[in-house]
Amino acid sequence: MFTCVTKKMRYLMVFVTGAMLLSMLAACDSGAQSNGKPTIRVGSKQFTEQLIIGNMYALLLEDAGYTVDRKLNLGGTAVVHQALVSGELDMYLEYTGSALAAILKLPLMADPQQVYDKVKEEYDKQFKLTWLKPLGFNDTYAIAMRKDRAAELGVTKISDLKGKADQLTIAGSQEFLSRQDGLQGLEAAYGIKFKDSKGMDSGLVYQAVDAKQVDIASGNSTDGRLGALNLLMLKDDLPFFPPYYLAPVVRQDVLAKDPGLEAVLNKLAGKLDEPTIAALNLKVDQDKLEPADVAKTWLKENGYIK
């Protein structure tokens with residue numbers, strides 16, 4: 001039987017369809033998914049280790065049924081932290097020492113648990129952000145030299161640079177050159193002053209010292225190129241550097257919306273040590289594999305994802 005559709009009915013159909021579309025768009029904007037789980041925006045800083053770990057967490061979340069918006073390789077500590085505070089991100093992974101010195105600008109402390117407890121307390125109080133459980137490794141600053149140059153100068157620890165630093169050039173990231181737990185604090189603590197300092201991408205500092213463009217490199221202790229390039233990491237014999245244990249930092253409003261999210265993000269708690277992460281970093285920096293592929297392979301081999 002033929003049914004006549006009046007002009008009034010056509011208007012009603014258009015209105016209802018438009019209302020449904022607006023409702024769908026609103027759901028998308030709020031991050032809601034058909035399975036009831038929110039979209040999680042995962043960020044990272046702009047160096048190899050952060051890209052690997054950021055991808056690991058994105059893959060863990062996807063395996064658990066979440067949709068992930070990857071916002072990796074954003075920038076330095078201050079940039080990524082601000083993105084989290086402003087709501088552009090839902091989570092990223094931060095180092096306890098970086099949070100203490102660069103974000104909170106508190107006096108440096110040496111005890112890992114005290115540093116973790118302090119940053120956890122202050123992030124909750126100041127930013128409504130939650131620190132979850134650390135992954136297990138300490139990625140501290142590495143002050144490294146070519147072994148032949150260190151032997152020539154009789155240097156094995158940072159205090160050995162006293163009376164010699166004024167003849168040497170050090171390379172480090174711009175962040176290292178400007179932070180209180182970086183170059184200025186190091187020089188003050190050890191009573192040394194380098195002849196010159198050169199800011200460069202953190203991925204280039206080891207090549208610079210290996211190529212004899214600079215005398216000393218400031219990088220990360222979990223960078224696999226330390227061993228691959230036969231460099232000597234000078235002992236921080238004071239010590240000066242605080243502990244830098246990596247842990248997920250998450251917006252509290254996001255955790256409150258999904259009670260199961262915290263368990264997923266804590267799956268890697270205590271599961272990564274320094275040799276393991278250094279080997280993974282080397283796969284990217286030396287073997288030229290993609291951080292996402294390195295992350296996926298490790299998670300699969302260790303049974304964290306299907």
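Biologist: Which helices and strands each supply at least two residues of the lining of the second largest pocket?
Modeller: In this predicted model, the elements that each give two or more residues to that lining are α2 (48–63), α9 (205–210), β8 and α13.

Biologist: And which residues lie nearest the centre of that second pocket?
Modeller: The second largest pocket has 21 lining residues, and those nearest its centre are Phe47, Thr48, Gly203, Arg225 and Asp285. The space inside the second largest pocket comes to about 300 Å³.

Biologist: How do the residues of its lining divide by class?
Modeller: For the second largest pocket, the lining has 10 polar residues, 7 charged ones and 4 nonpolar ones.

Biologist: OK, what about the largest pocket, how much space lies in it?
Modeller: The largest pocket holds about 440 Å³ of space, and of the 23 residues lining the largest pocket, Phe47, Tyr141, Ser173, Glu175 and Ser202 are the closest to its centre.

Biologist: Which elements each supply at least two residues there, and what classes are in the lining?
Modeller: For the largest pocket, α7 (174–178) and β8 (216–220) each contribute at least two lining residues, while by class the lining of the largest pocket is made up of 12 polar, 6 nonpolar and 5 charged residues.

Biologist: Back to α13, how does it sit against α14?
Modeller: Helix α13 covers residues 274–285 and helix α14 covers residues 291–301, and their axes come within 9 Å of each other and cross at roughly 140°. The two helices are therefore oblique to each other, and the crossing of α13 with α14 is right-handed.

Biologist: Which residues meet there?
Modeller: From α13 the contact takes in Thr276, Leu280, Lys283 and Val284, and these meet Pro291, Val294 and Trp298 from α14. Sorted by class, the contact of α13 with α14 has 5 nonpolar residues, 1 polar and 1 charged.

Biologist: At what angle do α2 and α14 pack?
Modeller: Helices α2 and α14 pack at an angle of about 55°, and their axes are 8 Å apart. That angle makes α2 oblique to α14, and α2 passes α14 in a right-handed crossing.

Biologist: Which side chains would I look for in that contact, going by residue?
Modeller: On α2 the contact is made by Leu51, Ile52, Asn55, Met56, Leu59 and Leu60, and on α14 by Pro291, Ala292, Val294, Ala295, Lys296, Trp298 and Leu299. The contact of α2 with α14 counts 11 nonpolar residues, along with 1 polar and 1 charged.

Biologist: Last topic, the backbone: where is the cis peptide bond?
Modeller: The cis peptide bond joins Leu238 and Pro239, with omega at about -5°, and Pro239 is placed in the loop between β9 (231–233) and β10 (246–251).

Biologist: And what is phi of Asn230 near?
Modeller: Phi of Asn230 is near 60°, which is a positive value in a residue other than glycine. Asn230 is found in the loop between α10 (225–228) and β9.

How values were computed
Residues numbered from 1 in each chain as written. Predicted model: local features only at pLDDT ≥ 70, side-chain atom pairs only at ≥ 80, totals over all residues. Heavy atoms only, no water. Axes fitted to C-alpha atoms, helices over the stretch in contact; angles between N-to-C directions. Helix = DSSP H or I, 4+ residues; strand = E, 2+ residues; numbered from the N terminus. Parallel < 35°, antiparallel > 145°, perpendicular 65-115°, else oblique. Left-handed = near helix turned anticlockwise from the far one by under 90°. Contact = heavy atoms within 4.5 Å. Nonpolar A, V, L, I, M, F, W, Y, C, P; charged D, E, K, R; others polar. 1 Å grid on protein atoms, 1.4 Å probe; cavity = no way out; pocket = protein on both sides within 12 Å on 5 of 7 lines; lining within 4 Å. Points joined across faces, edges and corners; volume = space filled by probe spheres on them.
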